[in-house]
Every structure is written in C-alpha cells, then in structure tokens.
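Reader: I am new to reading protein models. Could you walk me through a few features, one at a time?

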Amino acid sequence: MINKKQNFFDQLDGGWDDIIADTYKEHTYYIPPTRQLGQYKAIDGQEIDVKQIPNKQMLIDEDVDIIPPKCFLYADTIMGPIEFPDNISLIDNQAFRFCTGINNYVKLPAGITRVTTLSFSRSTITELILGTNVKTIEESAFSNCKKLTKIVWNDKLESIGVLAFDNCIGLTGDLILPDFVSYIAKYAFIYCTGLNGSLILPKNLEKIGEQAFKYTNFKYVRTNSNLNVIGHECFGNCKNLETVEFEEGIESIFSYAFNGCKKLKGSIKIPKSVNFIGEYAFKGCTSLEKIYVPSHLELPVLTDNDNIEIIQY
C-alpha cells in the first residue's frame, strides 16, 4: 500500500538523483575533450557544428586544456554564464566571437596569461571576470561587446591591446585600471561613450597610445608620475571632459591630444618634465582660458582659440 504522505519524488524510479540529472542535462550543453595536442587535450572545433548547438549553458570538461581558434565562432545559441576550468591554458583567437546568446557573465580561467585576439569580440557578455593570472589583453579581444557593463580586473594585468574594448558602449561611470598596467595601446577604449565619470590612470602606466580614449565622455582625468607619453588624439573629442590634472614625470604630449574637448575649462598646467608637446594639442578647447607651459619648451601652435592665454613659466 502506498503511503499517501510519501514524497511524490520518492515514488519515481531513481528518485531525486534522476530528477537532478535530467534537469542538469536539460539546461547544460556538455563539451568534452576530443583532440590530443601533444600533452594537451583540446576541444576540436572542426567536429563541432555550431548550428547544432542547443540553447543551453555550456559546460566544458575539466580535462580540456585548450580551446582552439574559431572553435565557437558564430555559436549564437550558447548561453551564459560561462565559467572555464582553471586548467585551461589557452582560449585562442576568435574562439567565442559573435556568440550573441551569452547574455551573462564570463569568468576566465586562472590558467591563461593572455586574452587572445578577437576571442570574445561582438559577443553579448554582460560582465567580465578576468582570470587571476591574465597579464595581457590582446587586439580587439572584447571589441564591440556592447552589452558589457562591468569588468572585474585582476592585480597582474600589464597591457591592454589595440581596440581591446573598442565600442563597449555599456561600460559606464568611472574607469579605474589596475596599478600594474604599464601600456594602453591605440584605440583601446575608443567609442566607449558610456564612460562618463573619472579616469584614474594606473600608477605604473608609462604610455597611452593614439586615440586610446577618443570619443569617451570622461569628466575628469588624472595622470601619474610614471606616465611618459600621451599619444596623438588620445583624448580627442572627449566633449564632456572638464578637468585634466597632470603629475610631474610626463615627457611627451603628442599632437591633437585633447582636440575637441569643448568643456575643458579654467587653466591647464603642463609639467616641467615635459620636453615635447605636439601641434594643436588643445585645438577646439573652446572653454579653456589659460595654458601654463614650461619655459624650456619650443612651442608649436597649441590651439586655434585666440582667447586662450599661453603663459610660459
């Protein structure tokens, strides 16, 4: 006789274990290691038909060491979140490019030291958690990830590559980068129009490439004492930029560095450490009143605004 008070699930063949297993299978897509590359086990992208991947969260086998180039390119049915096993040592070029179904966070593994070229470009990541050992973000790694709203940095990152976060319009507010970053390449954050707070540059930063922050909307920028170079048009057309504070130590400010910063107001003091400043570094700065320039500099034309007073000190 069946006890009417007995739990319904206990009456099923297999009980809770089967229910959990079936639910797990229903919502996850298991990716096994299918290829041996020397001592590494890899997903074989050539064996995966991305058009046949179901709308499920992806589960990668813990034995996988490598995700090869273009492995999941255009796999728009893969759902997030994605957490990689920490023993993965490489997520190769374009591996998750155009994965437009993620719509959740991605946590990178501790085993990788670089995020490769175009690896997540044009995907719909909403939050990026960098692996604890990532030192380099390569070219266009997260370019056009327009739904990306949050980045959890690590304390080992050293360089941010060309176009790394180009057009990530979902990033908003302040940008505070880890102190070990020493190089920000050209176009790294170009068109990140949602960045509208403060930019606090890392203590170890030495060079910012051309147009790295062009078309952002920062209101306040502060440099550091280790910064040597601000590249050509680095802050070009940052139309909401109001205040720039330079610290002693900077050596070169290239041409058109602050071109079109219409709200840059009050006065700018160029540090005495600067030994080169390019032409029209402050062109189009219609609200600026004074620029203080070290007397040892040979001055090019700094601005097209005759109302700005150039004062050598």
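Reader: Let's start with Asp 65. Is Asp 65 buried or exposed?

Author: Bear in mind that this is a predicted model. A residue counts as buried when its relative accessible area is under 20%. Asp 65 has a relative accessible area of 14%, so Asp 65 is buried.

Reader: Where is Asp 65 placed?

Author: Look in the loop between strand S4 (56-60) and strand S5 (66-67).

Reader: And which residues does Asp 65 touch, leaving out those up to four places away in sequence?

Author: With that limit, Asp 65 touches Gln 39, Tyr 40, Lys 41, Asn 87, Ile 88, Ser 89 and Leu 90. With Asn 87 there is also a polar contact, from side chain to side chain, at 3.5 Å.

Reader: Now the cysteines, please. How many disulfides does the structure hold?

Author: To call a pair of cysteines a disulfide, the two sulfur atoms must lie within 2.5 Å. The structure holds zero disulfides. Take Cys 71: the nearest cysteine sulfur belongs to Cys 99 and is 9.4 Å away. For Cys 261, the nearest cysteine sulfur is that of Cys 238, 5.1 Å away.

Reader: Are Cys 71 and Cys 261 buried or exposed?

Author: Cys 71 is buried, with a relative accessible area of 1%. Cys 261 is buried too, at 0%.

Reader: What should I know about nonpolar side chains?

Author: In soluble globular proteins, nonpolar side chains tend to be buried together. Here, the largest nonpolar core has 86 residues. Those with the most contacts inside this core are Ile 67, Phe 72, Phe 165, Phe 189 and Phe 213.

Reader: Which elements give two or more residues to this core?

Author: They are S4 and strand S25 (288-293). The largest share, three residues, comes from S25.

Reader: Could we finish with Phe 213? Which residues does Phe 213 touch, beyond those up to four places away in sequence?

Author: Among them are Leu 175, Ile 184, Phe 189, Leu 199 and Phe 235.

Note on methods. Residues are numbered from 1 along each chain as its sequence is written. This is a predicted model: local features need pLDDT of at least 70, side-chain atom pairs count only at pLDDT 80 or more; totals for chains, interfaces and linings use all residues. Side-chain values use heavy atoms; hydrogens and water are left out. Helices (H or I, at least four residues) and strands (E, at least two) are DSSP runs, numbered from the N terminus. Buried means under 20% relative accessible area, exposed over 50%, partly exposed in between (1.4 Å probe, protein chains only). A polar contact is a pair of N or O atoms within 3.5 Å; within protein, one must be able to donate a hydrogen and the other to accept it, and residues adjacent in sequence count only if both atoms are side-chain atoms. Contact means heavy atoms within 4.5 Å. A nonpolar core is a set of buried Ala, Val, Leu, Ile, Met, Phe, Trp, Tyr and Cys residues joined through side-chain atoms within 4.5 Å.
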